[in-house]
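Please consider the following structure with attention to its charged pairs, its helices and its loops.

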Amino acid sequence: MNVAVNMKDIHLKTGSFNAFDTLFPYALKNVEEYLKNNWNEDATKTVVAALREQAEEDKKAEVEGVTTISAGDSEDIIPEIVKNVEWQMSKDRKTGSLKTLQGLVWAKGYKDGTIKGHVYDDVQKAFEQWTESGRKIYIYSSGSVDAQKLLFEHSEQGNLLKYLAGHYDTKIGAKREKESYESILKNIESSGEEALFLTDVYAEAKAAKEAGLNVVLLDRPGNVELSEEERKEFTVITTFSDLAFEQEVPKEENGVAAIANGGKRKIEETAEVSEEDQAQVYPNKK
């Protein structure tokens, strides 16, 4: 199956985000050591304050099992912070404060080589082809922008940050809400017709389609199996090599946007393929 498209910006998923197998266990194992070694750093103080505030909000909301964090800046409260982190992660929560702390801990693992960001084998070649043809690639992930950058900088295929025009996380909105995609389009000054979103999650694909974007579903190893109905609604590909562009986008001009989690079949041959912070894009420094 081939998909031929004419787009200018690409937003995508590039790997099996190995959070459950590698990143989450690493964070759990190393969070206490990180806090002890970096207790007086501004970043640590900021994230501890945010974790404490989140815990208080959870307590007021009577969230079952919540563990609070005492006031003060003494290292004596580190066990309370660790307990709170363990509780949040056991519930698979994705609070901003938790993701920030996880990112800080992961940064150490990436930089000392303990962790490598997983990307599929076809990613680097696709990135090269898309950027050489004048298209822009954006990442939209539930992982924080900092975590995204760490993954691509320290990927199994080397530093891939140079190919990326920017990053988005859930600060711009939930991935299953069409308003999030509308905000991204506004931020990158692109129309839905100019954008292609590739994802392996049907609910995300549906939200992006409602926002007017072209959408392609990815069927990668380890993904949740797509139903027959879902396959009928969207074009489905198994590799980026299945995605080709009908014509080049001049480098001096803006191209069509592709927002991907995945991508040769002509889109026109398929049926209608098509936390309330201010939207932000985070361009990479060259």
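R220 and D122 are both buried, where buried denotes a relative accessible area under 20%, exposed one over 50%, and partly exposed a value in between (1.4 Å probe, protein chains only). The side chains of R220 and D122 form a salt bridge with an N to O distance of 3.2 Å; the term requires a side-chain nitrogen of Lys or Arg within 4 Å of a carboxyl oxygen of Asp or Glu. This pair connects distant parts of the chain, 98 residues apart: R220 is in the loop between strand 6 (214-218) and helix 9 (228-233), and D122 is in the loop between helix 4 and helix 5 (123-132). Helices (H or I, at least four residues) and strands (E, at least two) are DSSP runs numbered from the N terminus.

The model is a predicted one, in which local features need pLDDT of at least 70 and side-chain atom pairs count only at pLDDT 80 or more, whereas totals for chains, interfaces and linings use all residues. Residues are numbered from 1 along each chain as its sequence is written, and side-chain values use heavy atoms, with hydrogens and water left out.

By the salt-bridge rule, the count comes to 9. Another of these pairs is R231 with D219, whose closest N and O atoms are 2.7 Å apart. Because R231 lies in helix 9 and D219 in the loop between strand 6 and helix 9, the pair ties together parts that are 12 residues apart in sequence. R231 is partly exposed at 31% relative accessibility, and D219 is partly exposed at 23%. A salt bridge also joins K108 and D112, with 3.4 Å between the closest N and O atoms. K108 counts as partly exposed at 36%, and D112 likewise counts as partly exposed at 44%.

The 19 residues of helix 2 should span 27 Å at 1.5 Å a residue, which agrees with the 27 Å between its end C-alpha atoms; the expected span is 1.5 Å times one less than the number of residues. After helix 2 comes E62, with a positive phi near 60°.

Among the buried residues of helix 3 are I78, I81, V82, W87 and M89.

What follows helix 3? D92 does, with a positive phi near 55°, in a residue other than glycine. D92 is in the loop between helix 3 and helix 4 (96-111) and is partly exposed at 36% relative accessibility. E189, which is not a glycine, also has a positive phi, of about 55°. E189 is located in the loop between helix 7 (178-187) and strand 5 (195-199), and is exposed at 67%.

T170, in the loop between strand 4 (166-168) and helix 7, is buried, with a relative accessible area of 12%. Its side chain makes a polar contact of 2.8 Å with that of K99. A polar contact is a pair of N or O atoms within 3.5 Å; within protein, one must be able to donate a hydrogen and the other to accept it, and residues adjacent in sequence count only if both atoms are side-chain atoms.
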